[in-house]
Amino acid sequence: MRFAWLLVSVAALTACTSPPEPPLDSPGPKLDPQAIAYDNLDFTLSRKPVFDSTCETLPSNLQSLLGSVKKPATGMGGTCNADMEWGTLTIGLLGPGAGRKSNARHFVDVWNGDRGTAHYFQRSILLDRYYATTAISGEVNESCTVTVDTGSELPFEVRAAMDFDESMALTKQDVDQPIDRALREFCPAARSAAEKLLPLIDENGGSRAR
């Protein structure tokens, strides 16, 4: 009983405590790793998107930067797609998910797990300056998405997914697939791509950048 009371007290204290966030600054300040425990962070929406969600506004050496098998190309959906030996990297911006501004959803919804479904979800700090989430999803856990708060209405997002034909074959087998492979292969690939690109397209940026 005493242990249960202690847990409730700690939870209540955390809920009432202000998150350990630095003031907005330029360049973007470093973030406290303990901030990932808080739901009530002060996410800003005032900065411009870090790119226009096409390959054309990413670095010209994108193919060598990512190690893709051919030059990345902008897809029909307005994302930059790179074919990898193991599957596909998709680089883009996460839209508000609604036409009406009053129904728009932003990074705060991703941070609190209220947007989409995932079989695995984790919060983290990326490059010391960005709040980020990692989520594994799909019928056969075929993809891992890293979503990054850049202080914009449109968060930066990188999705790493297994080869389409392989994912379809696994789906036809109708057998549950563990998340181990996605954790081992796809999540590190998505995170690595985000870590390589953000310093180049968002110089001095961050979640708390002015």
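Reply: Let's start with aspartate 83, which stands opposite threonine 88 in strand 3. Before going on, a quick word on what you're looking at: this is a predicted model, where local features need pLDDT of at least 70 and side-chain atom pairs count only at pLDDT 80 or more, while totals for chains, interfaces and linings use all residues. Residues are numbered from 1 along each chain as its sequence is written, and side-chain values use heavy atoms, with hydrogens and water left out.

Strand 2 and strand 3 run antiparallel, and four bridges join them. (Strands are DSSP runs of E with at least two residues, helices are runs of H or I with at least four, and both are numbered from the N terminus.) For two strands to count as paired, DSSP has to find at least two bridges between them. In general, strands of a sheet pair through backbone hydrogen bonds, either parallel or antiparallel.

So what sheet do these strands belong to? It's an open one made of seven strands, in the order 1-2-3-7-6-5-4, with antiparallel pairing. Strand 1 (73-74) and strand 4 (120-126) each have a single partner strand, so these edge strands have one side left without a neighbour in the sheet. Helix 5 lies across strand 3, strand 4, strand 5, strand 6 and strand 7, and runs at about 145 degrees to strand 7. That angle is taken between N-to-C directions, on a scale from 0 to 180 degrees, using lines fitted to C-alpha atoms, for helices over the stretch in contact; contact means heavy atoms within 4.5 Å.

Next, the nonpolar part. A nonpolar core is a set of buried Ala, Val, Leu, Ile, Met, Phe, Trp, Tyr and Cys residues joined through side-chain atoms within 4.5 Å. Buried means under 20% relative accessible area, exposed is over 50%, and partly exposed is in between (1.4 Å probe, protein chains only). The largest core has 36 residues, and Leu89, Ile91, Val148, Phe156 and Val158 touch the most other members. Helix 2, strand 2, strand 3 (87-93), strand 5, strand 6, strand 7 (156-162) and helix 5 each give two or more residues to this core. Helix 5 gives the largest share, ten residues. Another core, of eleven residues, lies apart from it, and its members include Leu31, Ala35, Phe43 and Ile125.

Two residues show what the surroundings look like. Leaving aside neighbours within four places in sequence, valine 148 is in contact with Phe107, Leu126, Tyr130, Tyr131, Ala132, Pro155, Phe156 and Leu198. Threonine 145 sits in strand 6 (residues 143-148) and is buried, with a relative accessible area of 14%. With the neighbours within four places left out again, threonine 145 is in contact with Thr133, Thr134, Ala135, Glu157, Val158 and Arg159.

There are also two disulfides, a disulfide being a pair of cysteine sulfur atoms within 2.5 Å. One of them pairs cysteine 55 with cysteine 80, their sulfur atoms 2.0 Å apart. This link joins distant parts of the chain: cysteine 55 is in the loop between helix 1 (2-16) and helix 2 (62-66), and cysteine 80 is in strand 2 (residues 80-83), 25 residues apart. Cysteine 144 and cysteine 187 form a disulfide too, with sulfur atoms 2.1 Å apart. Cysteine 144 is in strand 6 and cysteine 187 in helix 5 (residues 180-201), so this pair ties together parts that are 43 residues apart in sequence. Cysteine 144 and cysteine 187 are both buried.

Finally, the rings. The structure holds seven aromatic pairs. One of them, phenylalanine 43 with tyrosine 131, is edge-to-face, at 5.6 Å centre to centre and 85 degrees between the planes. Phenylalanine 43 is in the loop between helix 1 and helix 2 and tyrosine 131 in strand 5 (residues 130-137), so to speak distant parts of the chain, 88 residues apart. Tryptophan 111 also pairs edge-to-face with tyrosine 131, at 5.4 Å and 65 degrees. (Rings of Phe, Tyr and Trp, for Trp the six-membered one, pair if their centres lie within 6.5 Å; planes under 30 degrees apart are stacked, over 60 edge-to-face and the rest tilted.) Ring pairs link Phe43, Phe107, Trp111 and Tyr131 into a cluster.
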